[in-house]
Amino acid sequence: MPNPEGSYASIEVHTAYDLEQALDLRAEHPEARVVAGGTDLMVEMDLGHLPESVLNIWPIGEMRGIRERPDGLWIGALTTHRELVENLLAESWAPSLIEACRTVGAVQIQNRGTLGGNIANASPAGDTLPVLLALDAEVEVASAARGIRSIPMEYLYRAYRTLNIEADELIIGVRLPEPHSADRTHYRKVGTRLAQAISKVVFGGRARIVDGVVVDARVAFGSVAATPIRCRGVEEALVG
């Protein structure tokens, strides 16, 4: 275990107070570990895995909030799991995502951990990730040089804990398409205990059922491969 006063003090900290400053700092320090709630980083630091530098984006108000837009529901990357759980608009759009957020750690973790952090940590066991796949979510990333672009959730992960984004880009938000009235969604997490457990298997599903027939389906799992995955063969088998 490292000595906090000795080892932690050697970490170089860059703090951004708005999005423009964050993107400039990201471009200047692409090697810095991006930190918001810090729940994953604190575990790693206690194990002695200390980054040389971090980019603290927690103060940025522009990256928080949940609001409807013409293209869907936008959730800021710094929106915490607790904020999602308590938001009626989010629950009406994506009840399975809210259910997933309820299973993320204890209340203390939900108060600090962010949706963007769960995505960026890129753990195949991330509780919200199969749900986001099932809901056809798109992740918004931004850079100072190229502006904002959207990446479909299914193309976000290149390999184990590896994001398909550039070194100067930050995840700034998530967009969910408007749900269809015929959609049925489901979330299931299996762990070693009922609460505060890492997923052994985590599932997110969506079926669009018209006149008793499945016309579209999404089946996604976490903790079963190097990245969260969609099971396209199962999806195709369900249709009809």
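Arg149 is partly exposed, with 34% of relative accessible area. This residue belongs to a predicted model, and its salt-bridge partner is Glu169, with the closest N and O atoms 2.8 Å apart.

The average pLDDT of the protein is 93, and 95% of the residues score at least 70. Residues 1-6 have a pLDDT below 50, and this stretch has 8 contacts in the model beyond near neighbours in sequence.

The count of salt bridges comes to 18. One of them is formed by Arg102 and Glu91, whose closest N and O atoms are 4.0 Å apart. This pair links helix α6 (residues 95-102), which holds Arg102, to helix α5 (residues 88-93), which holds Glu91; the two residues are 11 apart in the chain.

Another salt bridge brings Asp127 and Lys189 together, at 3.1 Å from N to O. Asp127 sits in the loop between α8 (115-120) and α9 (129-134), and Lys189 in strand β11, so this pair ties together parts that are 62 residues apart in sequence. Asp127 is buried, with a relative accessible area of 8%. There is also a network in which salt bridges share partners; it joins Asp136, Asp183, Arg206, Arg208, Asp216 and Arg218.

Strand β11, which holds Lys189, is also part of a sheet. Four strands make up this open sheet, in the order β11-β12-β13-β14, with antiparallel pairing. The edges are β11 (183-190) and β14 (229-230); each has a single partner strand, so one side of each is left without a neighbour in the sheet. Within the sheet, β12 and strand β13 (residues 213-222) run antiparallel and are joined by 9 bridges. As an example of this pairing, Gly205 has Val219 in β13 as its bridge partner.

Strand β12 covers residues 201-210, and Val201 lies in it. Val201 is partly exposed, at 30% relative accessibility. Together with Val190 and Val224, Val201 forms a nonpolar patch on the surface, and the three have about 190 Å² of accessible area together.

Two residues remain to be noted for their backbone angles. Most residues other than glycine have a negative phi. Ala122, which is not a glycine, has a positive phi near 60°. Ala122 is placed in the loop between α8 and α9, the loop that also holds Asp127. Ala122 is buried, with a relative accessible area of 2%. Arg161 also has a positive phi, of about 50°, although it is not a glycine. Arg161 lies in the loop between β8 (157-159) and β9, and with a relative accessible area of 39% Arg161 is partly exposed.

Notes. Residues are numbered from 1 along each chain as its sequence is written. This is a predicted model: local features need pLDDT of at least 70, side-chain atom pairs count only at pLDDT 80 or more; totals for chains, interfaces and linings use all residues. Side-chain values use heavy atoms; hydrogens and water are left out. pLDDT is the predictor's confidence in each residue, from 0 to 100. Contact means heavy atoms within 4.5 Å. Patches are made of residues with over 30% relative accessible area and no salt bridge: like charges are joined within 9 Å, nonpolar side chains (Val, Leu, Ile, Met, Phe, Trp, Tyr) within 5 Å. Accessible areas come from the Shrake-Rupley method with a 1.4 Å probe; for residues, only the protein chains shown count as cover. A salt bridge is a side-chain nitrogen of Lys or Arg within 4 Å of a carboxyl oxygen of Asp or Glu. Buried means under 20% relative accessible area, exposed over 50%, partly exposed in between (1.4 Å probe, protein chains only). Two strands pair if DSSP finds at least two bridges between them.
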